[in-house]
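Okay, thanks for making time, everyone.

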Amino acid sequence: MRAVVQNDKSRVFRAVRLRAGLAALAVAALVPGCAQGSAEVRSASGQQPLQAPPARALDAYATGLRAAHAARVAAAKRWGLKRVPLPAPPPPAEKPEITTREGFEVDGHAERGLPPVFTTVPTEQKIVFLTIDDGAEKDRAFLRMMTELKVPYSAFLSDYLAKEDYGYFRRMQARGVALNNHTLHHPYLPDLSYDRQRREICGMQKVLRAHYGKRPTVFRPPYGDYDENTLVAAKSCGITHVPLWNEEVFVDRWDYREWDRELHRGDIVLTHFRGRGDWPGTMRDMARRFLDKVTAEGYAVARLEDYL
């Protein structure tokens with residue numbers, strides 16, 4: 001059996017007759033200092049002022065946008081970033097079709113409906129996805145940093161590490177982070193029988209449901225290594241997607257899968273829950289390296305599960 005192995009780790013808007021006026025109000029309201037506190041709209045012809053809930057709604061919306069941006073600017077400065085991270089676009093109304101990357105197939109992959117294995121999500125948006133594996137380092141300052149910056153990411157947990165502090169990842173989940181499957185004990189799966197692989201994957205599904213209330217549908221094999229048994233077992237455990245990665249970011253460097261050593265639209269980026277015991281720095285240092293690069297190149301960070 002061939003193993004696939006990686007190289008390395010509404011009401012207010014119903015007033016149709018006000019559409020043109022609303023468009024002008026929206027533009028004015030988004031300019032700092034304009035239309036703040038306005039409770040009415042005067043017509044161009046000098047008619048009597050209209051009591052205008054739409055105007056107030058747009059003004060409140062614009063004020064909220066300015067406040068949110070100011071908070072991101074302050075957070076970027078507080079955490080030592082060179083630039084303010086770009087906000088992620090809204091999730092797609094229609095999810096992209098995810099297929100297995102060429103060369104990553106196992107025998108009968110498509111015919112048997114096995115979960116797709118992929119390193120990039122097809123999208124025209126200039127976005128990347130941050131994914132973090134295992135659960136060894138439980139850096140509370142990192143959790144605060146990403147929360148304040150409003151940067152999404154996805155966690156892939158192994159129970160032998162997560163069980164040291166399930167509460168840490170519960171706090172992470174409460175902030176919108178998806179907690180996904182990375183096996184119970186992080187073994188090299190192609191060396192194991194089908195039954196043992198299934199115990200590793202389905203066992204972690206049970207742990208995640210017991211501690212976090214749901215079984216994920218997303219799984220990453222340890223080291224990115226798998227075989228046919230891995231995907232058959234994963235499917236039987238409720239897994240629908242197997243994302244790998246196209247880049248890996250560390251405290252002091254980036255590693256790339258592609259020859260051009262560049263980011264691409266929809267790339268999945270891997271990193272790990274690691275600290276000074278394994279790295280010459282902290283998870284916050286890793287996050288700064290990651291965010292400074294992707295922001296400088298015009299990429300926003302999106303939530304992977306919104307596209308699956």
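Let's start with the largest pocket, which has a volume of about 380 Å³. It has 19 lining residues, and the closest to the centre are Ala68, Arg72, Leu86, Pro87 and Ala88. Elements giving two or more residues to that lining are helix 2 (53-78), helix 8 (283-296) and strand 13 (300-302). Helix 2 gives the most, with 4 residues. By class, the lining has 15 nonpolar, 2 polar and 2 charged residues.

Before I go on, the ground rules. This is a predicted model, where local features need pLDDT of at least 70 and side-chain atom pairs count only at pLDDT 80 or more, while totals for chains, interfaces and linings use all residues. Residues are numbered from 1 along each chain as its sequence is written, and side-chain values use heavy atoms, with hydrogens and water left out.

Terms, quickly. A pocket here is an open set of points on a 1 Å grid over the protein atoms alone, where a 1.4 Å probe fits, with protein on both sides within 12 Å along at least five of seven lines; lining residues have an atom within 4 Å of a point. The volume is the space filled by probe spheres set on the points, and grid points are joined across faces, edges and corners. Helices (H or I, at least four residues) and strands (E, at least two) are DSSP runs, numbered from the N terminus. For classes, Ala, Val, Leu, Ile, Met, Phe, Trp, Tyr, Cys and Pro are nonpolar, Asp, Glu, Lys and Arg are charged, and the others, Gly among them, are polar.

Now the second largest pocket, with a volume of about 270 Å³. Of its 18 lining residues, Ala178, Asn180, Lys214, Pro216 and Glu305 are the closest to the centre. Strand 7 (178-181) and helix 6 (194-212) each supply at least two residues, and strand 7 gives the most, with 3.

On to packing. How do helix 3 and helix 8 cross? Their axes come within 8 Å, at roughly 30° (axes are lines fitted to C-alpha atoms over the stretch in contact, with angles from 0 to 180 degrees between N-to-C directions). So the two helices count as roughly parallel (angles under 35 degrees). The contact (heavy atoms within 4.5 Å) uses Ala141, Phe142, Met145, Met146 and Leu149 from helix 3, and Met283, Arg284, Met286, Ala287, Arg288 and Leu291 from helix 8. Those residues divide into 9 nonpolar, no polar and 2 charged.

Helix 3 (residues 140-149) also meets helix 5 (residues 166-174), where the axes come within 11 Å and cross at roughly 5°. That pair is therefore roughly parallel too. Here Arg140, Phe142 and Leu143 of helix 3 touch Tyr168, Arg171 and Met172 of helix 5.

Which of its residues are buried? Tyr166, Gly167, Tyr168, Phe169 and Met172, where buried means under 20% relative accessible area with a 1.4 Å probe and protein chains only, exposed means over 50%, and partly exposed is in between. What covers them includes helix 3, strand 6 (154-157), helix 4 (159-162), strand 7 and helix 6.

Take Tyr166: at 17% relative accessibility, it counts as buried. Leaving aside neighbours within four places in sequence, Tyr166 contacts Asp159, Val207, His211 and Tyr212. Tyr166 and His211 are 45 residues apart in sequence, yet 7.3 Å apart C-alpha to C-alpha.

Just after helix 5, Gly176 takes a positive phi of about 95°. Gly176 is also one of the residues touched by Arg303, along with Phe129, Pro152 and Ala178, not counting residues up to four places away in sequence. Arg303 sits in the segment after strand 13 and, at 26% relative accessibility, counts as partly exposed. Its C-alpha is 8.6 Å from that of Val151, 152 residues away along the chain.

Last, phi angles. Most residues other than glycine have a negative phi. His186, in the loop between strand 7 and helix 6, has a positive phi of about 60°, and at 11% relative accessibility His186 is buried. Arg261 has a positive phi near 55°. Arg261 is in the loop between strand 11 (254-256) and strand 12 (268-272), and at 52% relative accessibility it counts as exposed.

Conventions: Angles under 35 degrees count as roughly parallel, over 145 as roughly antiparallel, 65 to 115 as roughly perpendicular and the rest as oblique.
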